[in-house]
Amino acid sequence: MHEYSRESIVEEIQRRRISAIIRSDDENVAADAMRAAIGGGFRMVEFTLTTPGALRLIGEFARDPQLLVGAGTVLTVDQARRAIAAGARFVVSPICDPQIIAAAHELGAVSIPGTFTPTEMMHAHRLGADFVKLFPAPANVADYVRAVLGPLPQLRIFPTAGVTLDSFVEVLRAGAAGVGFVRSLFDPEDLARRDFKSIERRAAQIVERLRSIPQASGG
């Protein structure tokens, strides 16, 4: 497994900018769907801990030195520790828990807690969060990110909900540090049909569109 410092993980997330996030009730479907996303060009991937076998999947994919692998839906310190032990380099939560942030840092991993309001984002930032996940999605993600970053440019906002193939370029141009794709990449109907070629094609479209956006200087 490739070793990263926490600082280098932050830099890698800002360099890669797009994350494929799988949530499935079938371990094999999750693995095949993620391989399709990687086939399309994704190099940052996240397995939600609600997915059966998520820790096994994190361990398997973390063996690929080209991939930056994270754990999602992390709700407890124990989950964070087990995910990082399995190979997760970043832990993502739908909530902001100071203990999870501290545990991630203690183990050299990046913390991305869930926040919605500017107050919640600054609270997480002051607790040491490396990024803040925007959750749930506001009506217009790009406008919301732009509005928050106006007075709070020190934040690294990482939206996932509400990010689509059509909207993500504008979200990144608005100043988001990165974006995550869940249902907009892993369409539930494709997963049900095991239509992994469609997922790979969609991933390739996203990667191609990403090339149109100038690389932000990380802050």
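**View 1. Glutamate 60 and its partner arginine 35.** Glutamate 60 is partly exposed at 32% relative accessibility (buried means under 20% relative accessible area, exposed over 50%, partly exposed in between, with a 1.4 Å probe and protein chains only). Glutamate 60 forms a salt bridge with arginine 35, with 2.7 Å between the closest N and O atoms (a salt bridge is a side-chain nitrogen of Lys or Arg within 4 Å of a carboxyl oxygen of Asp or Glu). Distant parts of the chain are linked here: arginine 35 sits in helix α2, glutamate 60 in helix α3, 25 residues apart. Helices are DSSP runs of H or I, at least four residues, numbered from the N terminus. Arginine 35 is partly exposed, at 40%.

The model is predicted: local features need pLDDT of at least 70, side-chain atom pairs count only at pLDDT 80 or more, and totals for chains, interfaces and linings use all residues. Residues are numbered from 1 along each chain as its sequence is written, and side-chain values use heavy atoms, leaving out hydrogens and water.

**View 2. Arginine 56 meets glutamate 27.** Their side chains form a salt bridge, 2.6 Å from N to O. Arginine 56 lies in helix α3 (residues 54–62) and glutamate 27 in helix α2 (residues 27–39), so the pair ties together parts 29 residues apart in sequence. Arginine 56 is exposed, at 57%. Glutamate 27 is partly exposed, at 22%.

**View 3. A pair within helix α7.** Aspartate 143 and arginine 146 form a salt bridge, 3.1 Å from N to O. Both lie in helix α7 (residues 141–149), three residues apart, about one turn of the helix. Aspartate 143 is partly exposed, at 44%.

**View 4. A network of salt bridges.** Glu189, Asp190, Arg193 and Arg202 are linked in this network. The salt bridge count comes to 17.

Methods. Helix = DSSP H or I, 4+ residues; strand = E, 2+ residues; numbered from the N terminus.
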